Amino acid sequence: MGDRTVTTLEGLEAAVPPPVAEETGRGLLRRLRTPRRPRLWFEILLIAVSYWTYSLIRNAVPEQRAEALRNADWLWNLEHHLGIAVEQTVNHAVNSVTWLIVGMNYYYATLHFIVTLGVLVWLYRSHPGRYAATRLVLFATTGVALIGYYLYPLAPPRLMTDGGFIDTVMIHDTWGSMASGDLKNMSNQYAAMPSMHIGWSVWSGLTIFALARLPWARVLGLLYPAATLVVIVATANHFWLDAVGGLACLAFGYTLARLWYGALPHTLPRRVPHPRTHPHPTTASRGRAGGLAPAAAGVGEQRLVPDGNRPTEDAHPPARPRLTRRP
């Protein structure tokens with residue numbers, strides 16, 4: 001009466017679990033490519049170290065003055081050939097309005113830091129699910145720009161010997177450029193291609209336009225990179241084509257994020273669950289991951305039959321006890 005029957009299911013070969021190492025590798029890659037909630041301390045440390053590294057590498061590029069000036073002359077002649085060489089006209093026209101050019105000098109020196117960090121903070125607080133992908137775009141854009149600084153040294157228009165441009169920071173004695181005045185020794189003066197003022201401003205503008213809910217905020221998102229383009233030209237810090245280089249770097253950043261996350265940053269979920277709220281894997285999922293799952297894995301399932309329900313020796317079911325009423 002104490003015996004138990006054992007039922008073995010068919011399909012043992014079809015239910016053989018995949019190698020654990022292969023599934024572990026895929027699981028790790030899947031976790032890395034899945035948006036997760038950012039950690040404040042890690043993001044602050046990452047941004048600080050990344051910007052320090054960016055500044056160190058950018059300024060470590062040798063200042064090849066002769067080659068940078070030759071490249072500037074070639075680029076200026078190319079713009080004349082294309083009919084877009086209007087930087088000198090814009091530079092002289094804006095310089096005639098003192099309050100305007102002084103404001104642009106300070107705009108050039110400070111706003112690209114303030115706005116970029118502000119957008120990162122906004123993403124962290126309001127769009128944590130899209131933060132990592134959007135941050136990847138920014139970091140990839142900046143990283144590939146470092147290659148451009150090394151391979152193509154370029155003097156800004158204000159440093160050309162016979163370009164006729166005005167260095168508006170020097171003329172108006174304003175702190176408007178890390179490569180002018182007393183600050184020129186702190187930055188590589190011949191790293192004008194590509195323009196990260198454009199790369200960062202377009203990144204900020206597109207992010208605001210794609211994710212902001214208020215119409216006026218979305219309009220400001222589009223106006224910000226347009227104003228930045230006018231500023232970098234009016235202050236003679238960049239050519240038009242430097243801006244094109246910045247856009248090319250930004251396109252690389254978006255392409256990399258699209259390939260890594262499988263979607264553009266603004267299309268990802270706005271919020272992601274906290275890691276502690278994730279449910280434990282089910283028995284079936286453990287079976288797919290290489291563990292044993294009853295009925296799903298199909299490996300030697302044991303079905304226990306209670307003694308009271310087993311058939312008798314003459315193959316008849318056991319008699320069930322009758323319920324009797326107490327008098």
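A residue is counted as buried when its relative accessible area is under 20%. In the predicted model described here, Thr142 has a relative accessibility of 10% and therefore counts as buried. Thr142 belongs to helix H6, and its side chain is joined to that of Trp200 by a polar contact of 3.0 Å. Leaving aside residues up to four places away in sequence, Thr142 touches Tyr54, Met196 and Trp200.

The protein as a whole comprises 11 helices and zero strands. Of its 327 residues, 39% are buried. Among contacts between residues at least 6 apart in sequence, 83% join residues at least 24 apart. The accessible surface amounts to about 20,000 Å², and carbon and sulfur atoms account for 64% of this area.

In soluble globular proteins, nonpolar side chains tend to be buried together. The largest nonpolar core of the model contains 37 residues, and Tyr149, Met196 and Trp203 have the most contacts inside it. Two or more residues of this core are supplied by each of the helices H5 (98-126), H6 (128-151), H8 (196-211), H9 (215-234) and H10. The greatest contribution to this core is that of H5, with nine residues.

The buried residues of H3 are Ala68, Leu69, Asn71, Ala72, Leu75, Trp76 and Glu79. These residues cover an arc of only 160 degrees around the axis, which places them on the same side of H3. An α-helix has 3.6 residues a turn, so residues three or four places apart point the same way. The face of H3 turned away from the buried side carries the exposed residues Arg70, Trp74, Asn77 and His81. Cover for the buried residues of H3 is provided by elements that include helix H4 (87-95) and helix H10 (240-261). Just after H3, Gly83 adopts a positive phi of about 80 degrees.

Note on methods:
Residues numbered from 1 in each chain as written. Predicted model: local features only at pLDDT ≥ 70, side-chain atom pairs only at ≥ 80, totals over all residues. Heavy atoms only, no water. Buried < 20%, exposed > 50% of the residue type's maximum accessible area, 1.4 Å probe, protein only. Helix = DSSP H or I, 4+ residues; strand = E, 2+ residues; numbered from the N terminus. Arc of directions from axis to C-beta. Contact = heavy atoms within 4.5 Å. Core = buried A, V, L, I, M, F, W, Y, C linked by side-chain atoms within 4.5 Å. Areas by Shrake-Rupley, 256 points an atom, 1.4 Å probe, with all protein chains shown as cover. Polar contact = N/O pair within 3.5 Å; in protein donor to acceptor, adjacent residues only side chain to side chain.
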